[in-house]
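Here is a short briefing for a reader new to this protein. Look over the sequence and structure, then read on.

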Amino acid sequence: MEPQRSETEDAWVTLATLGRVWGRRGELAAESLTSGPGRFDGVQQVYLFGPGDAGQARPIELESVWEHRGRLVFSSGASTSISDAEPLQGAEVRLPRGERAPLTDGEFYQSDLIGCQVVERSTGEPLGSVVGWVEHSGPPLIEVRGEGKAFSGPLREVDLRGD
């Protein structure tokens, strides 16, 4: 059975997950789910979803985002000290889906792959549908489920067809 996506998941796009406190002024290091800090250019407000928020969005004013050693660092008015920042660890940084950055030719949002059909390149035989992806130290692997089978593979090795 395919996992069902809730209206809440469909309304938001997760851009990063906040990690440990960085520095003494309440900044937080984050694991980026975007192409980099430039994604936040012009963004003044983001929404946090974290443990203890009961699924409710918590708006925060974004002061700046920069990259340090491959990780994003967030500075916001929501935390100005280590003790302010600690409860935010683990929260997801999201934007409403309608505020996603426009894409250039050849780019796509991973979330838009959910539901695409995966077919055998040589025969066109359907193998299943994309249900998610797995992040690891290399490029993401898409998760595919078909009739009684499931597998993961690199995106470049499969052909996708939209709904």
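A nonpolar core is a set of buried Ala, Val, Leu, Ile, Met, Phe, Trp, Tyr and Cys residues joined through side-chain atoms within 4.5 Å. Buried means under 20% relative accessible area (1.4 Å probe, protein chains only). The model is predicted: local features need pLDDT of at least 70, side-chain atom pairs count only at pLDDT 80 or more, and totals for chains, interfaces and linings use all residues. Residues are numbered from 1 along each chain as its sequence is written, and side-chain values use heavy atoms, with hydrogens and water left out.

**Cores**

- The largest nonpolar core has 21 residues. Leu 18, Phe 40, Val 46, Leu 48, Leu 62, Phe 74 and Val 93 have the most contacts inside it.
- Two or more residues of this core come from each of the strands E1 (12-22), E2 (27-32), E3 (45-49), E4 (58-68), E5 (71-76) and E6 (92-96). Strands are DSSP runs (E, at least two residues), numbered from the N terminus.
- E1 gives the most to this core, with 5 residues.
- A second, separate core has 7 residues, including Cys 116, Leu 127, Ile 142 and Val 144.

**Phe 74**

- Contact means heavy atoms within 4.5 Å. Leaving aside neighbours within four places in sequence, Phe 74 touches Ala 16, Leu 18, Glu 27, Leu 28, Ala 30, Phe 40, Leu 62, Ser 64, Val 65 and Val 93.

**Cavity**

- A cavity is a set of points, on a 1 Å grid over the protein atoms alone, where a 1.4 Å probe fits but cannot get out. A search of the whole structure finds 1 cavity of 30 Å³ or more.
- The largest cavity holds about 60 Å³ of space. Its volume is the space filled by probe spheres set on the points, which are joined across faces, edges and corners.
- Lining residues have an atom within 4 Å of a point. Among them are Leu 18, Leu 28, Val 46, Phe 74 and Val 93.
- E5 supplies the largest share of this lining, 3 residues.
- The lining has 8 nonpolar, 3 polar and no charged residues. Here Ala, Val, Leu, Ile, Met, Phe, Trp, Tyr, Cys and Pro count as nonpolar, Asp, Glu, Lys and Arg as charged, and the others, Gly among them, as polar.

**Whole protein**

- The protein has 2 helices and 11 strands. Helices are DSSP runs too (H or I, at least four residues).
- Along the sequence, the pattern is α-β-β-β-β-β-α-β-β-β-β-β-β.
- Of the 163 residues, 31% are buried.

Definitions and conventions. Buried means under 20% relative accessible area, exposed over 50%, partly exposed in between (1.4 Å probe, protein chains only). On a 1 Å grid over the protein atoms alone, a cavity is a set of points where a 1.4 Å probe fits but cannot get out, and a pocket is an open set with protein on both sides within 12 Å along at least five of seven lines; lining residues have an atom within 4 Å of a point.
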